[in-house]
Amino acid sequence: MNTPNASQVLIVDDNPVNLQLIQRYVRSLGHETHLAADGEHALEILGRQKIDLMLLDLFMPKMNGHQVLEVMRADGRLHRVPVIIISSYDESEGVVRCIEQGADDYLVKPFKPALFKARLEACLERKQFQDRERRYQEQIEQTNRTLREREAELNASLEKEKELNRLKTRFVAMASHEFRTPLTTILAATDMLDRYSARMDEAQKKTRLERIKDEVRHMVFLLEEVLLIGKVEANKLDFKKERIDLHQLCKDKAREMMDQEGGARTLEIVEYGQHFRVMADQRHLLRIVDNLMSNAIKYSPDYSTIQLTLEQHNGRVNFSVKDQGIGIPETDQKHLFEPFHRAENVGTVPGTGLGLAIIKRIVELHGGSIDLKSRIDRGTMVRVSLQAADTSEHKQLGEEAL
Ligand SMILES: Nc1ncnc2c1ncn2[C@@H]1O[C@H](COP(=O)(O)OP(=O)(O)OP(=O)(O)O)[C@@H](O)[C@H]1O
Ligand SMILES: [Mg+2]
């Protein structure tokens, strides 16, 4: 009979008459029965069938009740199955041991039907209650897990939102400063032209117009930087790798910038190794050198020395730019590669705070790394490390030769 609330009861007894008798009792209470004549068979049934209660005889050949209990308590899946011990009058010592081993109750043969029913139902009820409690517990744990996940997601998006806000604030600060200055210059120059052009000679007019053009060019450059960081952040930067002699490129670019700067600082070039070839996008490499050199120039005093070091070492080509300038406060150092971040000691030196953020992404796109060392009022050193092109080429040639 398959009653919806029927529990699955396993009866274990080596005496067939007892087995039949207990089975009749259990069935009369509306439960389903499974029979085992010894401990081993009982464990085999427990392994494949969900059992709500076991009635276990104490003395059986092969494997007795104590041994069955021992196996069950050691097994994570079986130790929750309630057990009622079936004993005779003179087995009280054994029963006590069973209770110590985790059995839930005991019944003494011959059974009194009312007592049998009461103990069996109480045990099953306890089991149902414990099962329900465990399910609730699992649900609570699951809900807690989901809550914790949601909380982590929320925190992450909050962090992102905060970062965006910080970015916006820094952008506004940069834009209001960096755009206002050229606009004021342009306004002043156009105003002069407007009011006094009749009194100006051609050279004076040209000077004003050149100033306007310079400032407009500067503003276009700023806008391009802002657009570029947008592209970089969206991972939409395109680049075309080719074999480049970093040695030549760095030296040419650094010298050109030092010449433009007017020669108030000394450029010192140091080299270790011979081959400085890398696979990279030339425009991007120029931008890296440009920013590092322009920072070294901008943030260091006249008549100081800027050192450009190139080294080829362990399959890497490293180049670094070191200056003797104002240095960077430690609190700012960890934020320097974030867009629009400028250190607190920049004073009136112009800048967008985008250069390092852009070049860090570029270097990473090339599979390289960038690091910075700085001490306030002593100077700054920024080093870029890229994989040498020759090592991969040699490796390929070597592999072909094999
Ligand atoms: N060599 C350096 N010496 C001192 N401070 C530096 C140096 N290089 C970078 N910094 C600090 O790091 C900040 C970020 O540098 P980054 O090159 O990104 O921006 P920027 O020079 O301000 O502007 P941009 O390069 O976009 O014109 C600078 O504003 C400055 O505070
Ligand atoms: Mg810069």
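Reader: What does the secondary structure of the chain come to?

Author: The chain has 11 helices and 12 strands. Helices (H or I, at least four residues) and strands (E, at least two) are DSSP runs, numbered from the N terminus. The radius of gyration is 42 Å, well over the 21 Å that the globule rule gives for 402 residues, so the chain is more spread out than a compact globule. That radius is taken over C-alpha atoms, and the globule rule is 2.2 Å times the number of residues to the power 0.38.

Reader: What should I know about the model and its numbering?

Author: This is a predicted model, in which local features need pLDDT of at least 70 and side-chain atom pairs count only at pLDDT 80 or more, while totals for chains, interfaces and linings use all residues. Residues are numbered from 1 along each chain as its sequence is written, and chains are lettered from A and ligands numbered from 1 in the order in which they are written.

Reader: What does the C-alpha trace span along its principal axes?

Author: About 130 × 65 × 40 Å. The chain is divided into domain 1 (8-111), domain 2 (158-233) and domain 3 (242-395). These bounds come from an automatic or database domain assignment. The C-alpha centres of domain 1 and domain 2 lie 89 Å apart.

Reader: How do I read burial, and what share of the residues is buried?

Author: Count the neighbours. A residue is buried if 20 or more other C-beta atoms lie within 10 Å of its own, exposed if 12 or fewer, and partly exposed in between, with C-beta atoms placed from the backbone. Here, buried residues make up 25% of the 402 in the chain.

Reader: How do I read the faces of a helix? Which residues of α2 are buried?

Author: An α-helix has 3.6 residues a turn, so residues three or four places apart point the same way. In helix α2 (residues 39-48), the buried residues are G39, A42 and L46. Seen down the axis of α2, they fall within an arc of 55 degrees, so they line one face of the helix. The arc is that of the directions from the helix axis to the C-beta atoms.

Reader: Which exposed residues does the other face of α2 carry?

Author: The face turned away from the buried side carries E44, G47 and R48. On the buried side, the cover includes β1 (8-12), β2 (32-36) and α3 (65-74). Cover is read from contacts: two residues are in contact if their C-beta atoms, placed from the backbone, lie within 7 Å.

Reader: Where is V26, and what does V26 touch?

Author: V26 is found in helix α1 (residues 16-28). V26 is buried, with 23 other C-beta atoms within 10 Å. Not counting residues up to four places away in sequence, V26 touches V9, I11, H31 and T33.

Reader: How many of the chain's contacts join residues at least 24 apart?

Author: Among contacts between residues at least 6 apart in sequence, 67% do. L228, in helix α6 (residues 202-233), is 130 residues from I358 along the chain, yet their C-alpha atoms are separated by 7.6 Å. L228 is partly exposed, with 17 other C-beta atoms within 10 Å.

Reader: Which backbone angles deserve a look?

Author: Most residues other than glycine have a negative phi, and most peptide bonds are trans. N314 has a positive phi of about 55 degrees although it is not a glycine. N314 lies in the loop between β9 (305-313) and β10 (316-322). F340 also has a positive phi, of about 70 degrees, and is not a glycine. F340 lies in the loop between α9 (330-333) and α10.

Reader: Is each one buried or exposed?

Author: N314 is exposed, with 9 other C-beta atoms within 10 Å. F340 is buried, with 22. A173, in helix α5, is 167 residues from F340 in sequence and 8.7 Å away in space, C-alpha to C-alpha.

Reader: Where is the cis peptide bond?

Author: The cis bond joins K109 and P110, with omega about -10 degrees. P110 is found in the loop between β5 (105-108) and α5 (113-196).

Reader: Which residues come nearest to ligand 1?

Author: A residue is near a molecule if its C-beta atom, placed from the backbone, lies within 6 Å of it. Of the 22 residues around ligand 1, Y299, A343, G351, G355 and L356 come nearest. The elements giving two or more residues to this shell are α8 (282-298) and α10 (355-365).
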